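Reader: I've got the model open and want to learn how to read it. Could you take me through the packing, the sheet and the aromatic rings?

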Amino acid sequence: MNPPARDPFMQAAIDEAMAGLAEGSIPIGSVLVLDSRIVGRGHNRRVQRGSVILHAEMDAVENAGRLRAGDYRRAVLYSTLSPCEMCSGTALLYKIPRIVVGENRTFRGPEEYLRSRGVVLEVLDDPECVRLMEQFIRARPDLWGEDIGE
């Protein structure tokens, strides 16, 4: 019996995470989905761009370009990893109502706070997302610590 098919939007986020890893950065990917189509893709580009804020979610929202306020309120943010405080704040600022998270075992952002603010947060516990982060954290604990401010 074959395993169930992965959500295509989470697969797109995983593809972004793999692109970031191939570029020498942290394997976290994200996509912003509006009306069942991807409008923004991103991955962690802190290393590539020398940025202090270019996490995957921030990259995806940035790459979506300027949207109308009502568009964000219909959007879904997919991320391979639980969003940090900065990325969660972006979702709250633009009132993105739903976030789908690949995994939160290796890092857990302010999930309960997001929920308390009305965001529907779904954690998939996707084994590929867990594997990517566990391997990366073992291989590059210095870079991982820098990314999460430790």
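Author: H3 lies across E1, E2 and E3 and runs at about 135° to E2. Contact here means heavy atoms within 4.5 Å. Axes are lines fitted to C-alpha atoms, for helices over the stretch in contact, and angles run from 0 to 180 degrees between N-to-C directions. Helices (H or I, at least four residues) and strands (E, at least two) are DSSP runs, numbered from the N terminus. Bear in mind that this is a predicted model: local features need pLDDT of at least 70, side-chain atom pairs count only at pLDDT 80 or more, and totals for chains, interfaces and linings use all residues. Residues are numbered from 1 along each chain as its sequence is written, and side-chain values use heavy atoms, leaving out hydrogens and water.

Reader: In what order do the strands of the open sheet stand?

Author: Strands of a sheet pair through backbone hydrogen bonds, either parallel or antiparallel. DSSP has to find at least two bridges between two strands for them to count as paired. Here five strands form an open sheet in the order E2-E1-E3-E4-E5, with mixed pairing. E2 (37-43) and E5 (120-123) are at the edges with a single partner strand each, so one side of each has no neighbour in the sheet. On average, neighbouring strands are turned by 15° against each other, direction ignored. Helix H1 (residues 8-22) packs on this sheet, touching E1 (29-34), E2, E3 and E4, and its direction makes about 25° with that of E2.

Reader: In which sense does E3 pair with E4, and in which with E1?

Author: With E4, strand E3 (residues 75-81) pairs in the parallel sense over five bridges. Look for Leu81 opposite Glu103 in E4, and for Tyr78, whose bridge partner in E4 is Val100. E1 and E3 pair in the antiparallel sense, again over five bridges, with Ser30 opposite Ser79.

Reader: How many residues of E3 are buried?

Author: Buried means under 20% relative accessible area, exposed over 50%, and partly exposed in between (1.4 Å probe, protein chains only). In E3, seven of the seven residues are buried, so the strand is largely enclosed by the rest of the structure. Take Thr80, which sits in E3: its relative accessibility is 3%, and therefore it counts as buried. Leaving aside residues up to four places away in sequence, its contacts include Met10, Ala13, Pro27 and Cys129.

Reader: And H5, what do its buried residues pack against?

Author: In H5 (residues 85-93), the buried residues are Cys87, Ser88, Thr90, Ala91 and Leu92. They pack against helix H3 (56-63), strand E4 (98-103) and helix H6 (111-116). After H5 comes Lys95, with a positive phi near 60°.

Reader: Last one: how do I read the aromatic pairs?

Author: A pair of aromatic rings is described by the distance of the centres and the angle of the planes. Rings of Phe, Tyr and Trp (its six-membered ring) pair if their centres lie within 6.5 Å; planes under 30 degrees apart count as stacked, over 60 as edge-to-face and the rest as tilted. This structure holds three such pairs. Phe9 and Tyr78 have ring centres 5.5 Å apart and planes at 50°, so that pair is tilted. It links distant parts of the chain, Phe9 in H1 and Tyr78 in E3, 69 residues apart, and both residues are buried. Phe107 and Trp144 make an edge-to-face pair, 6.0 Å centre to centre with 90° between the planes.
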